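This report describes one chain and its local features. The sequence and coordinates come first, and the description follows.

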Amino acid sequence: QMRALAERMGFTKFNAKKTARFVDKQRGVVKASVPVKNESGEVARHLFPPKSPQWQNEAILTSVHAAVEKYGSIETYYDKCEIQCKVARDKEVYISADALALPCCWLAGEMYRADLPNSKREIVR
């Protein structure tokens, strides 16, 4: 449905992403679910990982394991890795699920981190 909508709206490219939101990057395992919080910060419901293998992101698990093995922790990897900005390279913008135009897909993901309270997020809607 979203691909058809993007085509009707004149987008030249549509990329359905395999989410990494269910990967616990600290432990390198798939989470059983992630909470969805309402405006008050209370858990309203849970999202569950995709059941279909076509939408499961096995590559992120492999990447997390490799980074932790090489650098000792995911935080150390983040501190030392080189940033390769896909948006700058491909000359495109990222449109979030909330229809926000952002300069980077990684920044978009930071807005939805359930492990940080709103007051600790660096990115503000």
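## Surface and burial

How much accessible surface does the chain have, and what share of that surface belongs to carbon and sulfur atoms? The accessible surface comes to about 10100 Å², and carbon and sulfur atoms account for 54% of that area. The chain has 125 residues, of which 16% are buried.

## Model confidence

The model is predicted. Its mean pLDDT is 82, and 89% of the residues in the chain reach 70 or more.

Helix 5 (residues 105-110) has the lowest mean, 74, while strand 4 (residues 43-47) has the highest, 93.

## Secondary structure and contacts

The chain contains 5 helices and 6 strands. In sequence order, these elements give the pattern α-β-β-β-β-α-α-α-β-β-α.

Of the contacts between residues at least 6 apart in sequence, 33% join residues at least 24 apart. A separate C-alpha distance concerns Glu75 and Gln26: these residues are 49 positions apart in sequence, and their C-alpha atoms are 8.5 Å apart in space. Glu75 belongs to helix 3 (residues 74-80). With a relative accessibility of 38%, Glu75 counts as partly exposed.

Strand 3 (residues 34-37) and strand 4 run antiparallel and are joined by 4 bridges. In one of these pairings, Lys37 has Val43 of strand 4 as its bridge partner.

The two strands form a hairpin with 5 residues between them. In this hairpin, Gly41 takes a positive phi near 85 degrees. Strand 4 is also the element with the highest mean confidence in the chain.

## Aromatic pairs

The structure holds 2 aromatic pairs. In the pair of Tyr77 and Tyr78, the ring centres are 5.9 Å apart and the planes meet at 50 degrees, so the pair is tilted. That angle falls between the limits for the other two classes, because planes under 30 degrees apart count as stacked and those over 60 as edge-to-face.

Which residues do the ring pairs link into a cluster? The cluster consists of Tyr71, Tyr77 and Tyr78. Tyr77 has a relative accessibility of 29% and is therefore partly exposed. Tyr78, with a relative accessible area of 40%, is partly exposed as well. Both values lie in the range for that class, because buried means under 20% and exposed means over 50%.

Definitions and conventions:
Residues are numbered from 1 along each chain as its sequence is written. This is a predicted model: local features need pLDDT of at least 70, side-chain atom pairs count only at pLDDT 80 or more; totals for chains, interfaces and linings use all residues. Side-chain values use heavy atoms; hydrogens and water are left out. pLDDT is the predictor's confidence in each residue, from 0 to 100. Rings of Phe, Tyr and Trp (its six-membered ring) pair if their centres lie within 6.5 Å; planes under 30 degrees apart count as stacked, over 60 as edge-to-face and the rest as tilted. Buried means under 20% relative accessible area, exposed over 50%, partly exposed in between (1.4 Å probe, protein chains only). Contact means heavy atoms within 4.5 Å. Accessible areas come from the Shrake-Rupley method with a 1.4 Å probe; for residues, only the protein chains shown count as cover. Two strands pair if DSSP finds at least two bridges between them.
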